[in-house]
Amino acid sequence: MKPIKVTHTNLLLWNSLRDLVFLDNKDFERITVNDICKRATVHRSTFYNHFQDKYDLFTFGYRYYLLQKNNIAIEKQFFYPFTIYKMLNEQIHLHFFHFNYGDSLHALIYKLQREEMGRMLKRLVEVGYHLEIDVHIAVDLFLSIHMTFSEQIENGLLKDEEADEIFQKFLCKSLVKKIYKSEKVKKAKIGKVKGLDMDN
């Protein structure tokens with residue numbers, strides 16, 4: 001995944017897209033580049049100097065959201081995903097995007113989430129953890145679990161903390177046992193979930 005370039009114009013356009021969706025309640029599929037530019041008071045040619053289309057802009061926004069996780073230890077990102085998503089959800093309203101829009105945006109989000117999950121698992125291996133299953137299988141498996149739990153959370157059937165507890169107790173313990181029982185994970189579980197240190 002290439003590093004994103006965060007500029008004033010990029011953020012201006014991203015915030016415009018967010019406002020159109022969440023303040024004006026416009027359907028993402030019907031939002032045009034002209035709509036985005038008009039709200040951002042940016043010329044259409046300027047938009048295309050930075051992004052190919054609104055999906056490219058959304059990709060920037062999603063990856064900008066991921067930058068907010070950089071100060072969180074990789075172990076916490078993996079073992080407390082739903083609590084961390086809750087903490088950072090203000091940056092992108094990911095659950096809203098994922099369950100309320102058309103197939104084209106769903107496909108893009110799924111692609112971006114696969115990249116994110118792959119990055120997390122590979123980073124865990126790099127810092128000394130051992131996967132019990134092939135990393136490619138693990139990516140699809142854990143992403144499927146994340147999507148199912150996220151839908152339950154979105155529908156009010158499951159709390160973020162409960163999802164993390166189930167994820168750790170029943171899934172990590174059986175599928176990635178060596179990761180879960182390592183000393184580094186024990187150290188990562190500092191206090192209660194609500195007391196996660198965002199700076200470590």
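Modeller: What follows is a set of questions and answers on a predicted model.

Colleague: Why is the pair of phenylalanine 47 and phenylalanine 51 called tilted?

Modeller: A pair of aromatic rings is described by the distance of the centres and the angle of the planes. For phenylalanine 47 and phenylalanine 51 the centres are 5.9 Å apart and the planes are at 50°. Rings pair if their centres lie within 6.5 Å, and planes under 30 degrees apart would be stacked and over 60 edge-to-face. Phenylalanine 47 and phenylalanine 51 are both buried.

Colleague: What makes the pair of phenylalanine 82 and phenylalanine 167 edge-to-face?

Modeller: The planes of phenylalanine 82 and phenylalanine 167 are 85° apart, and the class needs an angle over 60. Their centre to centre distance is 6.5 Å. This pair joins distant parts of the chain, with phenylalanine 82 in helix α6 and phenylalanine 167 in helix α10, 85 residues apart. Phenylalanine 82 and phenylalanine 167 are both buried.

Colleague: How many aromatic pairs are there by this rule, and which residues do ring pairs link into a cluster?

Modeller: The count is 15 aromatic pairs. The cluster is made of Phe78, Phe79, Phe82, Tyr85, Phe142, Phe149 and Phe167.

Colleague: How do you know that the charged end of lysine 54 sits over the ring of phenylalanine 28?

Modeller: The charged end of lysine 54 is 5.0 Å from the centre of that ring. The rule asks for a distance within 6 Å and a position within 35 degrees of the ring normal.

Colleague: Which residues touch the most other members of the largest nonpolar core?

Modeller: They are Leu57, Phe58, Phe78, Leu121 and Phe167, out of 52 residues in that core. Among the elements that give two or more residues to it are α1 (8-22), α4 (54-67) and α10 (160-175). α8 gives the most, with eight residues.

Colleague: What is leucine 121 in contact with, leaving aside its neighbours within four places in sequence?

Modeller: Leucine 121 is in contact with Phe78, Leu131, Val135, Ala138, Val139 and Phe142. Contact here requires heavy atoms within 4.5 Å.

Colleague: How much space lies in the largest pocket, and which element gives the most to its lining?

Modeller: The largest pocket holds about 260 Å³ of space. Of its 13 lining residues, the closest to the centre are Ile4, Lys5, Phe51, Asp56 and Phe60. α4 gives the most to the lining, with four residues.

How values were computed. Residues numbered from 1 in each chain as written. Predicted model: local features only at pLDDT ≥ 70, side-chain atom pairs only at ≥ 80, totals over all residues. Heavy atoms only, no water. Core = buried A, V, L, I, M, F, W, Y, C linked by side-chain atoms within 4.5 Å. Buried < 20%, exposed > 50% of the residue type's maximum accessible area, 1.4 Å probe, protein only. Phe/Tyr/Trp six-rings, centres within 6.5 Å; stacked < 30°, edge-to-face > 60°. 1 Å grid on protein atoms, 1.4 Å probe; cavity = no way out; pocket = protein on both sides within 12 Å on 5 of 7 lines; lining within 4 Å. Points joined across faces, edges and corners; volume = space filled by probe spheres on them.
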